[in-house]
Amino acid sequence: MMGLGSAIGAGLFLGSGVGIAVAGPAVLVSYAVAGLLVVLVMRMLAEMAAAVPSSGSFSVYAEKALGRWAGFTLGWVYWFTLIMVLGVEITGVARIVTGWLPGVPQWGVALAAVAVFAVVNLVGVRQFGEFEFWFALVKVVAIIAFLVVGVLLVLGLLPGTEPVGTANLLGNGGFAPNGPAGIAAGLLVVVFAFGGIEIVTIASAEARDPQRAVARATRSIVWRIMLFYIGAVAVMVLVLPWDAPQLVDGPFVAVLDVAGLPGAARVMEVVVVLALLSAFNANIYATSRMAFSLAGRGDGPAVLQRVSRREVPWVAVLVSVVLALVAVALNWLLPDALLGILLNAAGASLLVVWVLVAVSQLRLRPRLEAAAGPDGLPLRMWGYPWLTWATLAGLGGVVVLMLTDDAARAQLAATAGLVAVVVGIYVVSQGLRRRRDARG
């Protein structure tokens, strides 16, 4: 449920309308391609996580496969990315809530939310899991309810409605009104909407039975994610013309308005707030565990290893919470240009994670099989090594597409700069360590 909830966020509730606007109904192809890539990456990650559960997850696997520099780089790039995302998420929550309560300042809402989730994460992993379960359940129920209403609307089974047919799906310029270029542009919009699903492999390390937990979670999550994303978007493009402006403003609300459901806009606002809070909670957990893992491997300040009586890395949690507040302040105080550079650096970093996950799986599979012995691996990547190579080719195709788009090209450049900075820090830290060891 945590993995499912972490992948169902504002990217689906708000971003799907943008994808439809650039690709038309053919955004379904964009979602299918993006979803397939993410499913394959998750299968590779699950193979490694089931064999070697670790709160450092893909950072640990990159270190084992490629060397310490890769684990250091991937861990801190991911950590920085989530810290920036924390600020965006809590700022989004504050803006929506102050729309309901105009007398409450945005900083007050942000501070209250950060304080609540600091307590949740400090109390213990069980409490974090309980919160995430209920948050995820609300989002899943909202999606299922939307799909039920949408199917009834498509079939003309709601009062005052008739079957919609294929007029919106195939008319108004056809299924792909903007051609292959539109599908490619749609892919760039939707591919990062699946970010967050990787948190399930970080959390699995603290489960009672890590191997069984990660295997069950990743097996069930695949078809559910595809059903929810593609099912919801299919309803949208069947019910409304792809160029309807209300789809960009709020695709779920637009469909529910056609169904004649009163209060749909406010209900979806509440769901979006819960989705953002859920992601915020999960990202505090992920940043703290990643920092804890890096410190434990000697790649971060030793103080981040301190744990409470409940085995919670409380210093790492507090660092994430404080930096979340700093990120909120950056959202409000920094000029748009500087903030844009920071957010762009976070934007394409998922590609770095996915590429290194695939490369790590290619390198580690023979070693993991040898270590597993006659019992074999608990979970296997399909079609190794060919599907792994195909996934890398697909991710390479996404990079090529990004180079053709001005905004995406800026994201790639900023992410490349972030990676270069982190690698530079690694080189300097290793040099200082060698010098210190030589003196000692």
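Quick housekeeping first. This is a predicted model, so local features need pLDDT of at least 70, side-chain atom pairs count only at pLDDT 80 or more, and totals for chains, interfaces and linings use all residues. Numbering runs from 1 along each chain as its sequence is written, and side-chain values use heavy atoms, with hydrogens and water left out.

So, the overall picture. We've got 20 helices and 0 strands; those are DSSP runs numbered from the N terminus, H or I of at least four residues for helices, E of at least two for strands. The radius of gyration is 22 Å, close to the 22 Å from the globule rule for 440 residues, so the chain is as compact as a globular protein of that length. That radius is taken over C-alpha atoms, and the rule is 2.2 Å times the number of residues to the power 0.38. Along the principal axes, the C-alpha atoms fill a box of roughly 80 × 55 × 45 Å. Of the 440 residues, 50% count as buried, where buried means under 20% relative accessible area, exposed over 50%, and partly exposed in between, with a 1.4 Å probe and protein chains only.

Now, inside. Arg289 sits in helix H15, residues 264–296. Is Arg289 buried or exposed? Buried, because its relative accessible area is 3%. Its side chain has a polar contact of 3.2 Å with that of Ser288. By polar contact I mean N or O atoms within 3.5 Å; within protein, one must be able to donate a hydrogen and the other to accept it, and sequence-adjacent residues count only if both atoms are side-chain atoms. Beyond four places in sequence, Arg289 touches residues including Ser55, Glu206 and Pro313, contact being heavy atoms within 4.5 Å.

Next, Thr388, in helix H19 (386–403). Thr388 is buried at 0% relative accessible area, and its side chain makes a 2.8 Å polar contact with the side chain of Gln361.

Which helix gives the largest share of the nonpolar patch? That's H16, with 3 residues. H7 (106–123) and H16 (314–333) each supply at least two residues. Trp107 lies in H7, and it counts as exposed because its relative accessibility is 56%.
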